[in-house]
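Please keep the sequence and the coordinates in view while reading.

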Amino acid sequence: MTVSPFVIERTYNAPADKVWQAITDPAKMKSWYFDLPGFKPEVGYEFEFYGGEEGGEQYQHLCKVTEVIPGKKLTYSWRYPKYPGNSFVTWELFPEGDKTRLQLTHAGLDTFPQDNKNFRRESFAQGWTDIIGTNLKAFLEQ
């Protein structure tokens with residue numbers, strides 16, 4: 001059975017170069033995403049961070065950049081060292097006049113242990129909705 005990836009789109013009142021900076025500049029990312037000191041949008045760059053439900057378990061995330069098309073597309077692997085599974089997060093930018101449509105795809109969620117509610121599709125859907133629908137929007141449109 002093929003499981004479709006989680007896909008979410010949002011359009012921002014911001015030009016594509018500003019959105020690209022927001023998703024690749026560590027100083028900007030810290031304001032709305034995670035603190036990723038030294039992050040580089042370069043294939044092979046590895047990074048890690050901790051995240052999870054507020055007041056709940058914080059999970060170590062291990063990631064590696066796998067594809068970069070400057071100003072347009074960024075993909076990285078996303079896994080947890082203490083759990084089986086591997087996934088990929090892709091950020092794609094589509095300029096639409098003076099606005100930018102961002103499509104985020106998180107593929108491979110089904111490879112994580114589904115007996116842990118934090119690894120279920122619904123949990124990722126809520127997380128990404130908050131991250132790009134609320135946090136990134138507020139950062140870009142302030």
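Helices (H or I, at least four residues) and strands (E, at least two) are DSSP runs, numbered from the N terminus. The model is predicted, so local features are reported at pLDDT of at least 70 and side-chain atom pairs at pLDDT 80 or more, whereas totals for chains, interfaces and linings use all residues. Residues are numbered from 1 along each chain as its sequence is written, and side-chain values use heavy atoms, with hydrogens and water left out.

Helix H1 spans residues 16–24 and includes Thr 24. Thr 24 is buried, with a relative accessible area of 6%; here buried means under 20% relative accessible area, exposed over 50%, and partly exposed in between, for a 1.4 Å probe and protein chains only. The side chain of Thr 24 reaches the backbone oxygen of Trp 20 at 2.7 Å. Beyond the neighbours within four places in sequence, Thr 24 is in contact (heavy atoms within 4.5 Å) with Met 29, Phe 39, Pro 41 and Leu 74.

Strand E1, residues 6–12, contains Val 7. This residue is partly exposed, at a relative accessible area of 41%. Apart from residues up to four places away in sequence, Val 7 touches Gln 103, Leu 104 and Thr 105. The C-alpha atoms of Val 7 and Ala 107 are separated by 8.4 Å, although the two residues are 100 residues apart along the chain.

Attention now turns to a pair of strands. E2 and E3 run antiparallel and are joined by 6 bridges; two strands pair if DSSP finds at least two bridges between them. Within this arrangement, Phe 49 stands opposite His 61 in E3. In a regular strand the side chains alternate between the two faces of the sheet. E2 has a covered face formed by Phe 47, Phe 49 and Gly 51, and an uncovered face formed by Glu 46, Glu 48 and Tyr 50.

Which charged pair connects these strands? Glu 46 forms a salt bridge with Lys 64, the closest N and O atoms being 4.0 Å apart; a salt bridge is a side-chain nitrogen of Lys or Arg within 4 Å of a carboxyl oxygen of Asp or Glu. Glu 46 lies in strand E2 (residues 46–51) and Lys 64 in strand E3 (residues 59–69), so the pair ties together parts that are 18 residues apart in sequence. Glu 46 is exposed at 53% relative accessible area, while Lys 64 is partly exposed at 38%.

The count of salt bridges comes to 7. Among them, Glu 67 pairs with Lys 73, with the closest N and O atoms 3.3 Å apart; Glu 67 is partly exposed, with a relative accessible area of 29%. Salt bridges that share partners also join Glu 9, Glu 96 and Arg 101 into one network.

Finally, there is the interior. A nonpolar core is a set of buried Ala, Val, Leu, Ile, Met, Phe, Trp, Tyr and Cys residues joined through side-chain atoms within 4.5 Å. The largest such core has 38 residues, of which Tyr 33, Tyr 76, Trp 78, Trp 91, Leu 102 and Trp 128 touch the most other members. Helix H3 (residues 121–141) supplies the largest share of this core, 7 residues. With residues up to four places away in sequence set aside, the contacts of Tyr 76 include Tyr 33, Phe 47, Val 65, Phe 88 and Trp 91. Tyr 76 also touches Lys 64, the partner of Glu 46 in the salt bridge described above.

Definitions and conventions:
Polar contact = N/O pair within 3.5 Å; in protein donor to acceptor, adjacent residues only side chain to side chain.
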